[in-house]
Amino acid sequence: MADLITILSVVAEHGAEHGGGHEGPTVAGFGAAFFVALSMTTLALIMIWKKVPGMITAGLDRGIAEIRHQLEEAKTLRAEAEALRREYADKIANAERESAEMVAHAKHEAEAIVAKAEADTTDLIGRREKMASDKIAAAELVAIHDLRVRAAEAAAAAASALIRSKHDAAADGKLVDEAIVSI
């Protein structure tokens, strides 16, 4: 404290020497500069005694801590946002891949259905042609059989008429005798 008073008195004397050539009012030999320096020193001592620098430092530390907390929270939020972006990008990629797979599967099924329909149509046409051929063949057989039956009936009727007109009892006896001999 003694050093402080010495410094203040030196400052006051120095101020009085270089003060522009006139001296101002003094109290106990101390000028205005001394009292200004004394007031400032007293103010600084009161501030130190009331722990004002500690309060200022504590306030700044609280502000720094809050800013650090906000920065950490911002980093966390950014990491979460990036994770969500990656997740949605993956979901979009998966959806696009699944969509492409579904389209490819649908095309494959459509091609299979068309191929099966073509094969079924070909088989149906073949069966219908075979059925028509079978019906035609059956109709031909029935027609041939009917024709043979009619031809046989006509031949029998014609033969019967010829036999009646050309054969008499003597010819019949001769035929019967030949049949008996052959047995």
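Predicted model: local features only at pLDDT ≥ 70, side-chain atom pairs only at ≥ 80, totals over all residues.

Residues are numbered from 1 along each chain as its sequence is written, and side-chain values use heavy atoms, with hydrogens and water left out.

**Exercise 1.** Find the salt-bridge partner of Arg78 and describe the pair.

Step 1: A salt bridge is a side-chain nitrogen of Lys or Arg within 4 Å of a carboxyl oxygen of Asp or Glu. The structure holds 6 of them.
Step 2: For Arg78 the partner is Glu82, with the closest N and O atoms 3.1 Å apart.
Step 3: Both residues lie in helix H3 (residues 52-166), 4 residues apart, about one turn of the helix. Helices here are DSSP runs (H or I, at least four residues), numbered from the N terminus.

**Exercise 2.** Decide whether Arg78 is buried or exposed, and do likewise for Glu82.

Step 1: Buried means under 20% relative accessible area, exposed over 50%, and partly exposed in between (1.4 Å probe, protein chains only).
Step 2: Arg78 has 58%, so Arg78 is exposed.
Step 3: Glu82 has 31%, so Glu82 is partly exposed.

**Exercise 3.** Describe the salt bridge between Lys130 and Asp134.

Step 1: The N to O distance is 3.2 Å.
Step 2: Lys130 and Asp134 sit in helix H3, 4 residues apart.
Step 3: Lys130 is exposed at 53%, while Asp134 is partly exposed at 41%.

Definitions and conventions:
Helix = DSSP H or I, 4+ residues; strand = E, 2+ residues; numbered from the N terminus.
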